[in-house]
Amino acid sequence: MALNQQRKPLSIGGPVLLIVLLVLSLACMAVYARENGKGPLHSVQNAVSGIAAPFKFVGSFGGSLIGSAGTAIADATASESARESLREQNRQLADRISQLESYTQTDQALQEALGLTDAYGFDSVAGRVVGRSTDSWNRIVTVDRGSDSGAASGLPVMGQSGLVGTIVSTTPTTAEVRLVQDAQSSVSAMVQSSRVEGVVRGSLEGVLYFEDMASDAEVGEGDVIITSGLGGSSSRGLIIGTVTKVEKNASGSIVRAVVAPNGEIGSMQDVRIVLGERAAGSEAGSSGEQEQSSEGGDSDPSTLSGLKAQNQQLRERVSRLEEYMQESERLQVLANMREAYGFESLGARVIGRSPDSWNRTITIDKGSDDGLRSGLPVMGQSGLVGMIVSTTPATADVRLVKDAQSGVSATARSSRVDGIVRGSVEGVLYFEDMAADATVEEGDVVITSGLGGSYFKGLIIGTVTKVEKNASGSTVRAVVAPNGDRGLLQEVLVVLDMTSEGAASSTFRDPNASASGSAASDTGSAKPDDSNAGSNDGASGDAGDSGDDGDDAGGADPSSTDPEGDASHES
């Protein structure tokens, strides 16, 4: 009995101690979440991480030795046919790189002329993996570069094969990188060829899924997935992987796609931390991005592992150059438009869009510090996109013409019928409020009238595709399709002012007609002077948006050399 009385305090003390520790842990977590990066708990964490770094390196070195032994065995047992197959693939990729190299300079010249930063060129710092998480719940690696080297939370990290993850925390000498395969990872992404947008998410099993696509999106096996840059979580155009499987629902709509990384992420040793984009025309610094050569760097071409490494590097390089090629074609159309209209403008990149159909807005990477203000019209590659409704020092929100709150004073170019083009909840444009005896026909080009002062006069809005009449035969309204509404809006021009000739100039050349005849074929030889003939532009930029934005290079009315249809009409 006496013995039991002595043990009783011990049985109570255990749970009490547990509760005390739990309370202390919760308190520490609360303090940690509230304090800044230099708080006492963060300092303790950084100190412990710094002390543990050498041990992580030793463990990583041991794992590296085991991995190297496995690679050596695979190289020794690889068949000659397997090596030759990879050599042939690498030769083809190198040839493709040679064909695409010229687009880099062309695109950068156009970026500089339009006032954009180089979305696909970046400064980076090299690092080495010194530690890996030991469980599948947290796919995290530690690299030997920290805040002292410019690393910061949120920066993307590249391997030799493409995007591998994002930095989630740093110490002065190390950084923790959450891999794209981690269940908590999500990256704004798009299909490189079709520009279909979505999000690439990791999973507990380490599989990458491309999700959150539009209901009518088309994605196929073999499609290359790259970062879109939306939301600012990563730079645009970084290769993530290739679609290997497409999953559909009962109605045949794509639910998600399985994405295989371009290379083996789990065993990587060397990485590059992307510090930021370079301004167009600038060169990488001493610690900047080191482009892989078309031969694939220092990999040994006589071994299977060396050929695989070359293949991954070449694929990443091809993906980057194809982004330059596609962008150069889009920017050439914008440059042609600026020259044709004769307006003063500022180029910008789309970096975000509203997630719902009730508010059709996009965010661009220029703001009040760049001279932008509410009320300025915004043009895409084929016509009017919308109007700036609000600004911050570095960004601006643009309400698209398709938005239900949008209204634009407009004119049918051929008949001179005045009315208003309004958006709708379903994203359809309607030409309304015309005179009772107005005559509007399918194929009529609708342009801004300039009435009310909201928009400059003569900016192309779209083409009438359907005319709705009442019982007496009078036109009630007409459906207007934005010109070239077939793709992804990524770059825009903000119209700052029109020249004295304006859009009514008799020298106007339809920018879309010019694009269809020359943009794709002449891009490789485009000159910055030609691109800059129409105005004085400036500033900097970044990233993309969906086909619902209502713009891409497409066919406006090629039959007229004057947007007003009357060169003598006052602008």
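I begin with serine 449, which is found in the loop between β21 (445-448) and β22 (460-469), where strands are DSSP runs of E of at least two residues and helices are runs of H or I of at least four, numbered from the N terminus. This is a predicted model, in which local features need pLDDT of at least 70 and side-chain atom pairs count only at pLDDT 80 or more, while totals for chains, interfaces and linings use all residues. Residues are numbered from 1 along each chain as its sequence is written, and side-chain values use heavy atoms, with hydrogens and water left out.

Is serine 449 buried or exposed? With a relative accessibility of 9%, serine 449 counts as buried, since buried means under 20% relative accessible area, exposed over 50%, and partly exposed in between, with a 1.4 Å probe and protein chains only. A polar atom of its side chain lies 3.3 Å from the backbone nitrogen of leucine 451.

Turning to the barrel, six strands close in the order β6-β7-β8-β11-β10-β9, with antiparallel pairing, where two strands pair if DSSP finds at least two bridges between them.

Finally, leucine 21 lies in helix α1 (residues 2-34), and leucine 21 is partly exposed, with a relative accessible area of 45%.

Note on methods:
A polar contact is a pair of N or O atoms within 3.5 Å; within protein, one must be able to donate a hydrogen and the other to accept it, and residues adjacent in sequence count only if both atoms are side-chain atoms.
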